[in-house]
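Take a walk through this protein, from its overall build to single contacts. Keep the sequence and the 3D view side by side.

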Amino acid sequence: MKKLVVCFTFIVFSLSAFSQSQTNERARWFTNARFGMFIHWGVYSGAEGIWKGEKLRNDNDYAEWLMYRNRIDREEYLTLLDRFNWNEINPEEWVILAKKSGMKYVTFTAKHHDGFALWDSKVGDYDLGNYTNPKRDIVKELAEACKKHGLKLGLYYSHWVDWEHQYGWDHTKEVTGISAEKYDQYWQEKVIPQVRELLTNYGEIGMFWFDMWIHHAHTVVTKEQLLQLKSLIRELQPDCIVNSRLGLSVEEDPDVDFKTLGDNQLGSKKENFPWQSPATVAHSWGFHALDTEWKSTSTLLKSLINNVSLNGNFMLNIGPRADGSVPFEITQRMLEMGRWLNVNGEAIYDAEAFDLDKDLHDWGRITCKKEGNKTKLYLNVFNWPISRQLNFTGVSTKPDKIYLLADKQQKPLQHKHTGIFTQIELPVLEPDPFVSVVVVEYNQQPETVQQLVAKTTDNGFSLTPRNRLVTGDTLQIIQKNRRGTIPEHAGISAPEKLKWKIYIDVPGKKSIDVSYSFQGKGSEAGITIKGAGTTLTHKVEPTGKTVGEPKSDWIIDNFKSFRIGEILFPKKGFYEIELEATPGKEKVQFQWIWIK
């Protein structure tokens, strides 16, 4: 046995990053809030996704697109207002629901693509004030309710698309065309004066949320028009933040306050600028009577936590009906989230990303907060281990205290810390049925070790192409396909070396398995695995084909695992594991190494 050398030359220590360095003062409240409500409500709410017995003419089932999809003219579209029960519509109830749900801001569709203003606008006659008696001004009522209950008010305004104004952008103009002069007439006649109204008559507006989901270079809108609109906001309400769906990216214009991801798109990487996911509880944004795609409370909470763990926000939509009521399924889930946040909100509000890879641990996500000299890590446990042991990898600093966030007494949890590994003893009963939070406190800024493979919940190490040490190799990772029946893997067609870094806290012999697919018939292909002074060799075997989906003519390459031996890890410490693959004439489709 060769002498083990714990080589720190390949171990990269770093200090945890706690601040979003590209956050301006305007957006500070936004990154502190983390969770908000989106409200899609308008004329379309009276149809509930169905027009004259016909469902919305698009399988995406976005009910708010009814006017365009079903080719309804302006005056007939407005007959939907006859279905509204104005005596029951009380926007304050939406704000109260938001507050009970733990949300810190509300964003309302003041004008959606249908061009109808949900306030008493003096710009034209296509607004709520002209079609209600007595007049209703939902923006005003929401502004007053938000101020009363201490929530920030955001306004959604469709600036690019407007199906009502003769010179606004309607996608049928892809056929007919429109001149820049005519579009600018719409811009100057409607967009600029209406946004001026909203910024002037309704008190503090925390956010303007625009909805141009492609870059301005691919639209009829000019950059000059967008800058004119942004300048108006900066002039009238300098503290109002603006999102990237204005049509200007945060990279193109650093004065844009936050990035908006795609609809229901969650974060996938840590960013140092503010960003947000707009999301639905079901599928449609406006209420759709035929919508049945309800996400669970667990799914929604995990989405919120995921975003916060990457420095992002989560804005969850309600689509009230024509009487103002919110569907039971939405209310139920939001109130459950509110009860969770009432106990665990410390892990969300004003919390940020921690400097470890988001997929390092298989049990959940980490958020963090720094308070003076003290640092708190919040281990949001999505999957409570049956073993009642939580494996936490990557921090070399010894924790000062570990406890459950739900425990008001902060009774310390027993734990063992060695090197960069902490094993936490959990109680038999998890404190929350959705997500439980373990707090790890440090009296200093914790130091981390990067590019590790963490110990899994079942005490093994899964070494994959994705979590390898990136050392300049040209490895191509092939995404899973055929509905996941073909797993993610690396197609190795020339000799290749891959490396991983692990930390062994319990020395001893560990079994080594490798999983791959090989469709060759020859015997020239081989795999060698090295670690802790041991070299294991394996002659690659043909794995053949398998049926991915029964009775579907679904024949795919078979991935099979092989036990190739054991490696003795003689002491605690860091180890580098190396794989050498020699494919021969046929490629080796490498999936993983399993060490346990």
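Predicted model: local features only at pLDDT ≥ 70, side-chain atom pairs only at ≥ 80, totals over all residues.

Residues are numbered from 1 along each chain as its sequence is written, and side-chain values use heavy atoms, with hydrogens and water left out.

Begin with the whole. The protein has 10 helices and 31 strands. These are DSSP runs numbered from the N terminus: helices are H or I with at least four residues, strands are E with at least two. Along its principal axes, the C-alpha trace spans about 90 × 60 × 45 Å. Of the 596 residues, 57% are buried. Buried means under 20% relative accessible area, exposed means over 50%, and partly exposed is in between, using a 1.4 Å probe and protein chains only.

Now the rings. A pair of aromatic rings is described by the distance of the centres and the angle of the planes. Here, rings of Phe, Tyr and Trp (its six-membered ring) pair if their centres lie within 6.5 Å; planes under 30 degrees apart are stacked, over 60 edge-to-face, and the rest tilted. The count comes to 29 aromatic pairs. Look at W65 and W163: the ring centres are 5.2 Å apart and the planes stand at 65°, so this pair is edge-to-face. W65 sits in the loop between strand 4 (54-55) and helix 2 (66-69), and W163 in the loop between strand 6 (152-157) and helix 6 (173-176), so the pair ties together parts that are 98 residues apart in sequence. Both tryptophans, W65 and W163, are buried. F569 and Y575 also form an edge-to-face pair, at 4.9 Å centre to centre with 85° between the planes. F569 and Y575 are both buried. Elsewhere, ring pairs link F38, Y62, Y156, W209 and W285 into a cluster.

Charges meet rings too. The criterion is NZ of Lys or CZ of Arg within 6 Å of the ring centre and within 35 degrees of the ring normal. R71 lies over the face of Y68, 4.8 Å from the ring centre.

Next, charge against charge. A salt bridge is a side-chain nitrogen of Lys or Arg within 4 Å of a carboxyl oxygen of Asp or Glu. The structure holds 42 of these salt bridges. R74 and E75 meet at 3.0 Å, N to O. R74 is partly exposed, at 23% relative accessible area, and E75 is partly exposed at 48%. D162 and K190 meet in a salt bridge of 2.9 Å, N to O. D162 lies in the loop between strand 6 and helix 6, and K190 in helix 7 (residues 180-201), so the bridge ties together parts that are 28 residues apart in sequence. D162 and K190 are both buried.

D211 and R245 form another salt bridge, with the closest N and O atoms 2.7 Å apart. D211 is in the loop between strand 7 (207-210) and helix 8 (223-236), and R245 in the loop between strand 8 (241-242) and strand 9 (259-260), so this pair ties together parts that are 34 residues apart in sequence. Both D211 and R245 are buried. Shared partners also join R74, E75, K111, D125, D162, E164 and K190 into one salt-bridge network.

Turn to the backbone. Most residues other than glycine have a negative phi, and most peptide bonds are trans. N133 and P134 are joined by a cis peptide bond, with omega about 0°. P134 is in the loop between strand 5 (105-111) and helix 5 (138-149). A532 is not a glycine, yet has a positive phi of about 55°. A532 lies in the loop between strand 25 (526-531) and strand 26 (534-539), and is buried at 13% relative accessibility. K551 also has a positive phi, about 60°. K551 lies in the loop between strand 27 (545-549) and strand 28 (554-557), and is exposed at 86%.
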